[in-house]
Amino acid sequence: MWCSGEVGMAAVSVSVTVRVRWCTRKPPTPTPTRFSVNALFGDWGFGNRTRNSLQQQFTFTLADSKVISVSVVSSISDVASSEWDACALDATGPDNFNPFLSHAFLSTLEHSASAVRETGWIPHHIVAKANNNSNNNVVAVVPLYLKTHSYGEFVFDHSWANAYHSYGYNYYPKLQSCVPFTPVTGPRILLRNTSFKHQVFDIIVSAMKELALTSQLSSLHVTFPSENEWHKLTEKGFLPRIGMQYHWKNRNYKNFDDFLMDMKQSKRKNIRQERKKISAQNLIMKRLRGYEIKARHWDSFYSFYRNTTDNKWGTPHLTREFFHELGAKMGDNVLLVVAEEGDELVAGALNLIGGDTLFGRLWGCQPRSYYPSLHFEACYYQAIEAAIELNLKTVEAGAQGEHKIQRGYLPVTTYSCHYLIDEEFREAIQDFLIREAAQV
């Protein structure tokens, strides 16, 4: 999605009502578990209950007497960056590095006060350790948040929350495994490459379910997981959901004109006409990386970002500090496309560079300014040129946008999984998802 707000809400408009049928409602009864559970509760408000965090600990013993302990941490700073990143890199594979799963990106969201308690994103990251022969090694981590709303997710469950509310039940808080404000597919249960990683996966899924159940939460959601995780979680009782994005694929193009030759003549002509408008407006496009991005660039880009959210009635989830810290921490993994008119910056598009993918994230321009076709140039065509130059396989241009098809981006399925504690709500939402999938 080329803005930080959530206007438009979904690539496909789905009008379906969630209906729940029952006569007498009772809270769900906790079920037995194989885990040893220790729970500590603080003072954060949950309706009539008060809890600061869900500080639960689980232990599980494998057949070879190896003990797996699963705990919840209230900040990613509680996990060493080397341990978190080792899990993330093993989960994606070194060739498919996903910058959004890195300790640097997720810690920047917390340190900049973008994804914190005050904004309704309370970190509850999962850490699994294997205790064997006096060693205590991290074997898996999960980015997880206790949420008090549904904003910044790009998988929309507002109608579910309304259904709960209409029957006098609380939908919030809920547990959400995701990368905040980021509709990018990737593994969510980040596993080290151990001989027992499949068992660790099962343990973590069970622990997260138990955490939601014993904490009397409404639900647990895993959004934009890998397709493989999506299938596994569906087998474990999660409700599957699909969505749609538009990605560009690099078919070993030598340059942008080489890519255009793959397009129909009418589309090729339209793209060329759009690109000509940039020079006709005396705009200069630049792609900046790492040390080339200065503080003034981030200050300008933050004003562009705020202009986008203000114009689209969105919420500026990210702070000015987020962008400065992102640039400092992630270096050459950051690509900032800027448009200059004379000596003045007038627009920008933020991208992150992964192992084989360029991820387009945010766009904005000066307030009260309009430059025809600049959005397409900064967000789509510059990204394609950069991907060809860097020999990247894919450009992911974010959520929404059937207009991207005309510019070489093709539809790709995205995934999410949802575990609802209450059986009757679960049945109603399952019916909703079946009908929604047909429309998607």
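**Close-ups of a predicted model**

**View 1. Helices H7 and H10 cross at roughly 110°.** In this predicted model, helix H7 covers residues 265–280 and helix H10 covers residues 374–390, and their axes come within 10 Å. Angles of 65 to 115 degrees count as roughly perpendicular, so that is how H7 and H10 sit relative to each other. The crossing of this pair is left-handed. On the H7 side, look for Ile-271, Glu-274, Arg-275 and Ile-278. H10 answers with Leu-374, Phe-376, Glu-377, Tyr-381, Gln-382 and Glu-385. Sorted by class, the residues of this H7–H10 contact come out as five nonpolar, one polar and four charged.

**View 2. Helices H2 and H9 pack with their axes 9 Å apart.** The angle here is about 155°, and H2 and H9 are therefore roughly antiparallel. Their crossing is right-handed. H2 brings Ala-104, Phe-105, Ser-107, Thr-108, Leu-109 and His-111 to the contact, while H9 brings Phe-322, Glu-325, Leu-326, Lys-329 and Met-330. In the contact of H2 with H9 you'll find six nonpolar, three polar and two charged residues.

**View 3. Helix H3 meets helix H11 at roughly 150°.** H3 spans residues 158–166 and H11 spans residues 423–439, with axes that come within 12 Å. That angle makes H3 roughly antiparallel to H11, and H3 passes H11 in a right-handed crossing. Zoom in and you get Ser-159, Trp-160, Ala-163 and Tyr-164 from H3 against Phe-425, Ile-429, Phe-432 and Leu-433 from H11. The tally for the contact of H3 with H11 is seven nonpolar, one polar and no charged residues.

**View 4. The largest nonpolar core has 42 residues.** If you want a way into this core, start with Phe-105, Phe-323 and Leu-350, which touch the most other members. Several helices give two or more residues to the core: H1 (81–92), H2 (103–111), H8 (295–311) and H9 (320–330). So do the strands E8 (135–142), E15 (334–341), E16 (344–353) and E17 (357–365). H8 gives the most, with five residues.

**View 5. Thr-223 sits in strand E12.** The strand runs over residues 219–223. Buried means under 20% relative accessible area, so Thr-223, at 1%, counts as buried. Leaving aside neighbours within four places in sequence, Thr-223 is in contact with Val-155, Gln-176, Ser-177, Cys-178, Arg-188, Tyr-415, Ser-416 and His-418.

**View 6. Zooming out, the protein has 11 helices and 19 strands.** Of its 440 residues, 55% are buried. Take the contacts between residues at least 6 apart in sequence, and 75% of them join residues at least 24 apart.

How values were computed: Residues are numbered from 1 along each chain as its sequence is written. This is a predicted model: local features need pLDDT of at least 70, side-chain atom pairs count only at pLDDT 80 or more; totals for chains, interfaces and linings use all residues. Side-chain values use heavy atoms; hydrogens and water are left out. Axes are lines fitted to C-alpha atoms, for helices over the stretch in contact, and angles run from 0 to 180 degrees between N-to-C directions. Helices (H or I, at least four residues) and strands (E, at least two) are DSSP runs, numbered from the N terminus. Angles under 35 degrees count as roughly parallel, over 145 as roughly antiparallel, 65 to 115 as roughly perpendicular and the rest as oblique. A crossing is left-handed if the near helix is turned anticlockwise from the far one by less than a right angle, and right-handed if clockwise. Contact means heavy atoms within 4.5 Å. Ala, Val, Leu, Ile, Met, Phe, Trp, Tyr, Cys and Pro count as nonpolar, Asp, Glu, Lys and Arg as charged, and the others, Gly among them, as polar. A nonpolar core is a set of buried Ala, Val, Leu, Ile, Met, Phe, Trp, Tyr and Cys residues joined through side-chain atoms within 4.5 Å. Buried means under 20% relative accessible area, exposed over 50%, partly exposed in between (1.4 Å probe, protein chains only).
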